[in-house]
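Have a look at the chain, then read on.

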Amino acid sequence: LDKRVGEIGKRLRETILAEIPAFTASGNPEVLPELDRHAGDHIEELRRLLAGGEIRDFEFVRAHARRRAGQRFPLEAMLHAYRCGHKVLSHWIRDAAIATNPRSREEVLSAVADFSIEYTDTISVVAAAEYVAQTRALAEAEGDRRTELLSILVSGYDESDGRVARLLK
């Protein structure tokens, strides 16, 4: 796996950008650097898991989903990126596994397919749940701000109050 880490990161980026226009269409300058960081996080997590590491809580996926929700980046594009990544990452794992034990090719293919599907399913569920939770929290906060603004406008306000000035902006 280690021999192709750089190549796989580059291939992930190329595949995702070729298949999902939302990444290149976004005007947010953080979208592409975050895509690269997140792809690297997945590569490192897979290397750790395949080296015998324990399954963790996928906090890096949760944090990424929260950022994407805050940027109003489309959830479907994010989940589609995971599906695109599945193809690239599963082939990377498959090739490395076959190189270490070419005699049990069928067993390797089956195990890699099962692992890759489980990994992609898990990160997709974690990301979607976190994205939705963050979107709801942001919507509630926006509703609270609007309610407070309306209340201030109806009841009047002190123009020297900095909090009110920030809210009105």
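## The largest cavity

By class, the lining of the largest cavity splits into 11 nonpolar, 6 polar and 1 charged residues. Here Ala, Val, Leu, Ile, Met, Phe, Trp, Tyr, Cys and Pro go down as nonpolar, Asp, Glu, Lys and Arg as charged, and the others, Gly among them, as polar. That lining has 18 residues, and Ile-16, His-38, His-42, Ala-81 and Tyr-82 lie nearest the centre of the cavity. The space comes to about 180 Å³. A cavity is a set of points on a 1 Å grid over the protein atoms alone where a 1.4 Å probe fits but cannot get out, and lining residues have an atom within 4 Å of a point. Points are joined across faces, edges and corners, and a volume is the space filled by probe spheres set on them.

This is a predicted model, so local features need pLDDT of at least 70 and side-chain atom pairs count only at pLDDT 80 or more, while totals for chains, interfaces and linings use all residues. Residues are numbered from 1 along each chain as its sequence is written, and side-chain values use heavy atoms, with hydrogens and water left out.

Which helices supply at least two residues each of this lining? They are α1 (5-19), α3 (31-50), α4 (59-70), α5 (75-100) and α6 (105-155). The largest share, 6 residues, is from α5. Helices (H or I, at least four residues) and strands (E, at least two) are DSSP runs, numbered from the N terminus.

Searching the whole structure turns up 2 cavities of 30 Å³ or more.

## The largest pocket

Now for space that is open. A pocket is an open set of grid points with protein on both sides within 12 Å along at least five of seven lines. The largest pocket holds about 180 Å³. Around it sit Ala-69, Gly-70, Arg-72, Tyr-131, Thr-135, Leu-138, Ala-139, Glu-142 and Arg-145.

That makes 4 nonpolar, 2 polar and 3 charged residues in the pocket lining. At least two come from each of α4 and α6, with the largest share, 6 residues, from α6.

## Nonpolar cores

The largest nonpolar core has 26 residues, and Phe-58, Val-61, Leu-89, Trp-92 and Tyr-119 have the most contacts inside it. Such a core is a set of buried Ala, Val, Leu, Ile, Met, Phe, Trp, Tyr and Cys residues joined through side-chain atoms within 4.5 Å. Buried means under 20% relative accessible area, exposed over 50%, and partly exposed in between (1.4 Å probe, protein chains only). Two or more residues of this core come from each of α1, α3, α4, α5 and α6, and α5 gives the largest share, 8 residues. Apart from it lies another core, of 9 residues, including Ile-16, Phe-23, Leu-35 and Ala-77.

What does Trp-92 touch, leaving out residues up to four places away in sequence? The list is Leu-1, Arg-4, Val-5, Ile-8, Ile-43, Leu-46 and Arg-47. A contact means heavy atoms within 4.5 Å.

## Two positive phi values

Most residues other than glycine have a negative phi. Phe-58 has a positive one, near 55°, and is found in the loop between α3 and α4. At 7% relative accessible area, Phe-58 is buried. Arg-72 also has a positive phi, near 60°, in the loop between α4 and α5. Is Arg-72 buried or exposed? At 74% relative accessibility, Arg-72 counts as exposed.

## The chain overall

The protein chain has 7 helices and 0 strands. Of its 169 residues, 32% count as buried. Among contacts between residues at least 6 apart in sequence, 66% join residues at least 24 apart.

The accessible surface is about 10400 Å², with 54% belonging to carbon and sulfur atoms. Those areas come from the Shrake-Rupley method with a 1.4 Å probe, and for residues only the protein chains shown count as cover.
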